[in-house]
Structures are given as C-alpha cells and as structure tokens.
Amino acid sequence: MRPRWDGWLGHVAVALAYAVSYMLLRSMSVSHWNLPAGLRVACLLLVPYRYWPALIVGETIPVTYLGWSNQQDFGWIWASLMSIPPILFSAPAFAWCRRRMPLFHADGRVNMAMALSTILVGALVTALASCATLATMQMPHGQHAPAVTARILLGYFLGGFMGALTLAPAAMALRLWLPGIKTPAAWLAALRGRFVTDCALGVVPPLLLLMWLAFVGNAETMQVCRIAMFLPVAWMTLRHGWPGAAAAGTLASVAVQLTETVVRDPSVIQAQTLIAFAISTLLLLGSRLVPRVETAQHDASDAGDALRGFELAQQGLYQEELRLRQTAEALERIGVSMRDSQKRLLDRLRPVLPDNLEHMYSRHAAITQHEMHRLADALYPRTWRERGVPATFRDGPLLRAASLVGATYECDLAGSALELLAPDVHMMLYRLACETMVYVLAREPVRRIRLQIRGGQTQGRGWVVMRMTCARAVPAHRGKPALEWKQVVSLLGTNGQGMSSIRDRAQIYGGTVHQRDTQDQLCVSLLLHDALRAAPFTSPVMSFQQVASA
C-alpha cells in the first residue's frame, strides 16, 4: 500500500511544482519572451513519460485560473480555450520525437538538432494556441478586439522560441551535470571549477557592462549593446561547447530583456530575434565542438586511470619488498639453525676426526654462513632493518661495493622531508642507487663515488632527488667494465639491466632520470615523487628545474 501512496505523492509533487513554476515564470514573461513555453519544452524533453499526466494537470491549474478569473472581461469562449493547456497539444509531437530521435546518445553526446526541432515545434504550438485564444476574445463594450495578424503570430512564435532557448538548453546541461555531484565536497569543487569561474568572470561582467552602456547611451547605442550580448555566448561556446552556449545564452537572453523600457519594444524584439538566431547557431556549433571538450575529459579520465595503474604498480613493488624482507629474515634464521647444527655435529665428531678434516669442515661451515648472510643482505640489507635509512646509504652495501672496486665513497643526505616519504620510496631509492652504481661500473672503473640525496615538498607532495657523481678512471681503462663488476652485482642484489631498467622503475614513482657525461665525471640524476597512496596526486609532476627552485 505504501509504494502506491508514494507514487501518487510523487505525481502530486510534480504537478504542484510545475504549477508554481509556471505562475512564477509567467509573472516575468511578455508575449515576445514566453518563459512558461521554455518550462514546457524543458519538461517534455527531460521528464519521464510517467509524469506527463502530472505535468498536464500542473499546467491546467494556472491556465484555468487565469482564464476564468478574466471570464467576465473576455467572454466564456476565451476562458474555455484559455483553460486548455498548450502542453496537451505539444506532448504528442514531443513523444514522437523522443521515440525516434533520442535526446542523448549512448556515449553521452546531445542530439542538438532534435532539441532545436522540438523547441521550434513547441514555439509553433504556443503561437497557434495563443492566436486561437486571441481570436475568440470578446472585448468590453466600445472596445475593438485585436486582429490576429502575421506580425502577432510571429511575435508569439518568437516569444515561445526565445523562452525555450532561455530555459531548455540550460536544463539539458544541468541534466548532464547534476548526477555527478552528490556530496558537499563535489558541489564545492564544481563551484570552484572552470565552468562556473568562466561564467562568473567572462560572461556576467561583460553583460552587466553592456546593460549599463545601453541605459546611459542613446537609442542607437542601446541597440548595438543588445546585439553585442551574443559575444560572451560565443566565447563560452568555444570554451565549453554547447553547455557553455546554454548557460551564457540564458544570461544573455535575460540581459536583453532587462534592457526593455516599454512593453513590446520593437528594438528589443529585433535584438531578441538576432540573439535567438545566434544562440541556436552556437548551440549547433557547440554540439560539434563537444568532442573536443569530451576529449579533454577523456584525457583527464585516462590520466586518472594511468595514476591508478601507477598506484597499483607501487603497491605491488611495496608488497614485493616486504616479501624480500621476510625471505631475508628467513634465510638468516636458516643460517643460524645450520650453524648450530653444524656446531653440534662437529662437537660429536671431534674425537674421531683428524685435525685437518675438522679445520676443513669448520671452514666450509663458515663459508656457508657467510654466503647465507650475503644473500640475505642482498635481498634486504641488514643495515636497513637494524639502523635505518641514513646508515644504509652511508655504511651499507653501497660502501662495501665501492671498497670492493677500490673507489672512495661519500654520501650526503639533506632535507627534513626525506624522512616523511613512504617506506617503499626509500627502498626504491636504495634499489635505484644500487642499479646506478652497477650501471656506472659496467661502463668503466671509477676512482671516487659521491652520492647526494635531497628530499623536499612542493604543494604538499614529497619528492626526493638522488645524484651519483663518479670520477672517471684514466682513458686507457674506459669502455670496459670494472673487473669486480659481477661481484658488485651479487653484493647489491641487482639485475644489471642498465639505464632502461632505471628509467622504468623511476617512472613508476612519477620520476625522471638524467645522465650527463663529461671528460672527468659520470653523473646520473633522478627524481622520485612520494607514493600515491601516501599523498594523493593533486599537482603536476615536477621537473628538476622546479625542484632546484624549491
């Protein structure tokens, strides 16, 4: 029982809302600017069929009241015709158009030709209904009834057409805009968006200026200002497609009407005719320009998808680092267990083993322990687990690798924001430092390695820059890898795939890599951004120049 009552209440609410809106708009309308006709067209285009009976009832209420309240002045025939709602004649034509020419395509684009066709149909029905009512009007004794002429018919047609252009396209734009705005934050973001900003700064001020010039100037200046009011509409069309034309067209139509100083001013009607033609043309043009606007939206969507892909890649790398840490810890536990087992076994066999065999077994056990610890340290540095990030870069495997090839090593860490970066960014920075060292040593031996790391924040998002500067060996040794290169690869746990691997890994964190070779130095610099899950992406990717100025 409750769903039935809810359905009836919905229809009653629609009827009352339509009736109230009709009366409010009619109080602001004139014959050549018929806003109720725009309300009628907008509702027949956008409201579902099941509410059309409510719309008919909602329009019947005000027109019946208006007709019979003036029955004594204009006669009962006029009152009877006035009580017939024009929506009753427009509805069949709109239903036919909606079934054969959908207003919105499957991809979200608007069928503007269909919309303008229905606006023309609605204006024609409104003009014919108004002329029929006017023809039956009986004036008081001594007054002549107005004759229905072509000029009056065209005036009614222009009023219906201009009223529909004022409201219907704007309602269509709202129909596409509102479903995506459901939260207060979304409303705030929309109000701060480019569309509203362009309307507030690029449309309203010029229209106000033209209205002021129209009032302070002469008749010729006033007419020029009225006609010039289509210029902000054209600008919004180029900026935002047909939604921009719809919003700016509504404002321009209101501005033209506000400049009217007398009822049915011929100059205002002329200006409205030109504005109606301009808005119609710009709506058609804007519907063709929408693919550009939609392309920008699709580009933004693709960028969002790309960011989501990078975020998933970062999470995957982070999970992989956690698994490597668990594996390294498991290897160390296995190494300790093997050491204890070998020690107990040697203690039992010591009475029967010769001294040389006992020494050989002890040496093999020590080598096994060393390899187990080396492998665990390559998977996940022990220094990292025990002493943290700074000690790993200064005294960890990088220092041992530099000592292995006979090069001096120096590490400089700067920037308090370095500690605020996500753990996986720290680990990726270490992996890239290892890959960079292996890459440099694969090219040639070096005499000195200096690693510089600086962290910072820009617009609330963290970043880190790493620069590895290596003093080149003598020219005779260049062009061939260091002799200990393979040992360094094993010590640092890298894959040694070169610069392409370094660039790919840096790109996952929105970074870039620069390489510079001089006569005396090899320099590799890279920039990484903080993890997306730690700081949502709200600003453009920074460059090395922006970081340098930060």
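**Exercise 1. Which residues does Ser-29 touch, not counting residues up to four places away in sequence?**

*Solution.* Keep in mind that this is a predicted model.

Step 1: Ser-29 sits in the loop between helix 1 (2-27) and helix 2 (35-46).

Step 2: List the contacts. Leaving out residues up to four places away in sequence, Ser-29 touches Asn-34, Leu-35 and Pro-36.

Step 3: Look at the polar atoms. A polar atom of the Ser-29 side chain lies 3.1 Å from the backbone nitrogen of Leu-35. The cut-off for a polar contact is 3.5 Å between N or O atoms.

**Exercise 2. Find the salt-bridge partner of Arg-239 and say which helices the two residues come from.**

*Solution.* 

Step 1: Start with the total. The count of salt bridges comes to five, and the next exercises take up some of them.

Step 2: Identify the pair. Arg-239 and Asp-198 meet through their side chains in a salt bridge, with an N to O distance of 3.0 Å.

Step 3: Locate both ends. Arg-239 belongs to helix 12 (residues 231-240) and Asp-198 to helix 10 (residues 194-216), so this pair ties together parts that are 41 residues apart in sequence.

Step 4: Check the surroundings. Asp-198 is buried because its relative accessible area is 9%, under the 20% cut-off. Arg-239, at 33%, is partly exposed.

**Exercise 3. Decide whether Glu-444 and Arg-472 are buried or exposed, and describe how they pair.**

*Solution.* 

Step 1: Find the bridge. Glu-444 forms a salt bridge with Arg-472, and their closest N and O atoms are 2.9 Å apart.

Step 2: Glu-444 lies in the loop between helix 19 (423-443) and strand 2, while Arg-472 is in strand 3 (residues 461-472), so the pair ties together parts 28 residues apart in sequence.

Step 3: Apply the cut-off. Glu-444 counts as buried at 2% relative accessibility, and Arg-472 counts as buried at 12%.

How values were computed. Residues numbered from 1 in each chain as written. Predicted model: local features only at pLDDT ≥ 70, side-chain atom pairs only at ≥ 80, totals over all residues. Heavy atoms only, no water. Helix = DSSP H or I, 4+ residues; strand = E, 2+ residues; numbered from the N terminus. Polar contact = N/O pair within 3.5 Å; in protein donor to acceptor, adjacent residues only side chain to side chain. Contact = heavy atoms within 4.5 Å. Salt bridge = Lys/Arg side-chain N within 4 Å of Asp/Glu carboxyl O. Buried < 20%, exposed > 50% of the residue type's maximum accessible area, 1.4 Å probe, protein only.
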